[in-house]
Amino acid sequence: MKTFKKGGVHPAECKLSAGSPIREAALPKQAVFSMFQHIGAPAKPVVKKGDMVKVGTLLGEAGGFVSAPVYSSVSGKVTKVDVALDASDTRRMAVYVDVDGDEWEASIDRSTTLERLADHPELDSQTIIDRIKQAGIVGMGGATFPCHVKLCPPPGTKAECVIINAVECEPYLTADHSLMLEHPDEILEGVELIMKAVNVTRGYIGIENNKPDAIRLLTDHAQSHPNIEVVPLKVKYPQGGEKQLIDAVIGREVPAPPAIPIHVGAVVQNVGTAFAIYEAVMKHKPLIDRIITVTGKSVANPSNLKARLGTPFQQLIDECGGLPADTGKIIGGGPMMGKALISLDIPMTKGSSGLLIINQQEARRAEAQPCIRCAKCVTACPMGLEPFLLATLSSQHMWEEAEHNDIVSCIECGSCSFTCPSHRHLLDNIRLGKQTVMGIIRSRQAK
Ligand code: SF4
Ligand code: SF4
C-alpha cells in the first residue's frame, strides 16, 4: 500500500468520535466574524452597527487577490464592528451580529437535490473559479489559503492532476471522515468541479486505510466518475502534508521552497474544501458553516458538529457535555499541529477543524533533557531536515545558519518533538526560527 517515502511517525490515533454522525449545532445568541479567517490580506468590513443581515449576507469584502470575503452565517442585527480575540491569540477586526431567527438570502439553494456538473455545460473553468472566489472558499484542512489562488496556476506551470486530501492524519480529528460517510456524491461532484476549473482529466482522493468504510463508499460512488480514483494509503503521520500526499499518491517530490505543488503538476485540495466548492458553485452557498470535531478523553460526548462560523467555542463544548473538570489544556485543531487556546470566547472560523480537550495528566509536559544525539528526530522528519540542529540554531539566534540549513522547509508537523526521547522542545524553537528567517527573507526581497 502506498505512503510517502521520507520520515513520518505513528502517534496513537484516538479517533474517539469516529462513526459519530454529524450533528447540527444550535445557533449562537451572538456570532462574531473575524475579517482574518484566511492567509493573505484581511477582509474589509462592508456593514456597520445597526445593519440587518441574513444568512449569506456579505460582511467583509476580499482585501486583495490573496484574500477572501466573509459572509454572515446567521440572521440578525450588527451590533458592532470592532476587534475580537481569535484562535491565534491576536485581536483582529470582526463583525458582531446579535442573532434573530434564521433567515437566509434567497439566492442560496437550500435543497438537498444533487446537482451534477455533467448537467451544467454552462459551468466553464472561469465561471467555476469566479464562484469559488466569490463564496470565500479557503483551504478547509486548516491551511486557510484562498482557494481561487491555487486554481490559477502561475505562468510557466501547468496542472496535470487534482489530488484530494482526505487523509485526516491528525489524531482525534474525524470531521473529514464523517463528511465522506454522509456526502460522498457531493464530494465527488466537488472534485469534478476542481478538475474542470484547472482543466485536468485526472483526479485522486487519498484516504488512509484506518477509514475502510470511507474508502469503500467513495470507491463505490466513484464508479460513475471514471476519471477519479480513490487511493488507499498506509497510515503514517504527516501524510496530510501537501508534499507528503503528492509523494504518496503520484510518487513525485516537490523541490524545496519556493517550489510549490503545481511545479510537479499537482493541485491539492482538502476533502472539506471539495464539499464547500460543490455547495458554492452548485448551490450558490457561501462558506458559512463547516464540520468541527469536539473531542478529548474526558469529554462526555465526543462529536462531529456542523456549526455556523462565528459560534463561540464555549457553546460547541457545551453541546458535547461541557468542559470536563480535569481539563488541562484546550487545543484548536489536533494534538500534533494545533495551537493551545487561551479563551473559549473565541469564535469558530473557516479553518476550525477541531477542538481537543486534553486532561491535566496528558497536558503535563516532561522536562526537556540534554540531547543524546540519537538522531531519531532526523529519521522522523518528513522533510529530510536536521531538527536537533535547527532547534539549536534557532535558540541561539543563528538565523543565517538556520536559513542555510533550510529551516523554511519545515512544515511544522511536530514529528521531531513527538519522537525525541529527551522531550526537547524542538518544534517550538524551530517554529520561532522559521518565522524569523521568513521575515528576514521577505525584507531582503522588498529591498
Ligand atoms: S516539525 Fe519541521 S523539523 Fe520537525 S519533523 Fe516536522 S518538518 Fe521536520
Ligand atoms: S531526537 Fe532528541 S535527543 Fe535524539 S538527536 Fe534529536 S533532539 Fe537529540
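**A first look around the chain**

Visitor: What radius of gyration does the chain have, and what would a compact globule have?

Guide: Keep in mind that this is a predicted model. With 447 residues, a compact globule would come out near 22 Å, so the chain's own value agrees with that. Along its principal axes, the C-alpha trace spans about 65 × 50 × 50 Å.

Visitor: What share of the residues in the chain is buried?

Guide: Let's start with the contacts: among those with a separation of 6 or more, 73% link residues 24 or more positions apart. As for burial, out of the 447 residues the buried share is 50%.

Visitor: Are helix 3 and helix 7 parallel, perpendicular or oblique to each other?

Guide: Helix 3 covers residues 175–182 and helix 7 covers residues 271–283. Their axes lie 9 Å apart, at an angle of about 45°. The crossing is left-handed. Given that angle, the two helices are therefore oblique.

Visitor: Which residues in helix 7 meet helix 3?

Guide: On the helix 3 side, you'll find Ala175, Asp176, Leu179 and Met180. The residues of this contact divide into five nonpolar, one polar and one charged. Across from them, helix 7 brings Val271, Gly272 and Phe275.

How values were computed: Residues are numbered from 1 along each chain as its sequence is written. Chains are lettered from A and ligands numbered from 1 in the order in which they are written. This is a predicted model: local features need pLDDT of at least 70, side-chain atom pairs count only at pLDDT 80 or more; totals for chains, interfaces and linings use all residues. Axes are lines fitted to C-alpha atoms, for helices over the stretch in contact, and angles run from 0 to 180 degrees between N-to-C directions. Helices (H or I, at least four residues) and strands (E, at least two) are DSSP runs, numbered from the N terminus. Angles under 35 degrees count as roughly parallel, over 145 as roughly antiparallel, 65 to 115 as roughly perpendicular and the rest as oblique. A crossing is left-handed if the near helix is turned anticlockwise from the far one by less than a right angle, and right-handed if clockwise. Two residues are in contact if their C-beta atoms, placed from the backbone, lie within 7 Å. Ala, Val, Leu, Ile, Met, Phe, Trp, Tyr, Cys and Pro count as nonpolar, Asp, Glu, Lys and Arg as charged, and the others, Gly among them, as polar. The radius of gyration is taken over C-alpha atoms; the globule rule is 2.2 Å times the number of residues to the power 0.38. A residue is buried if 20 or more other C-beta atoms lie within 10 Å of its own, exposed if 12 or fewer, and partly exposed in between; C-beta atoms are placed from the backbone.
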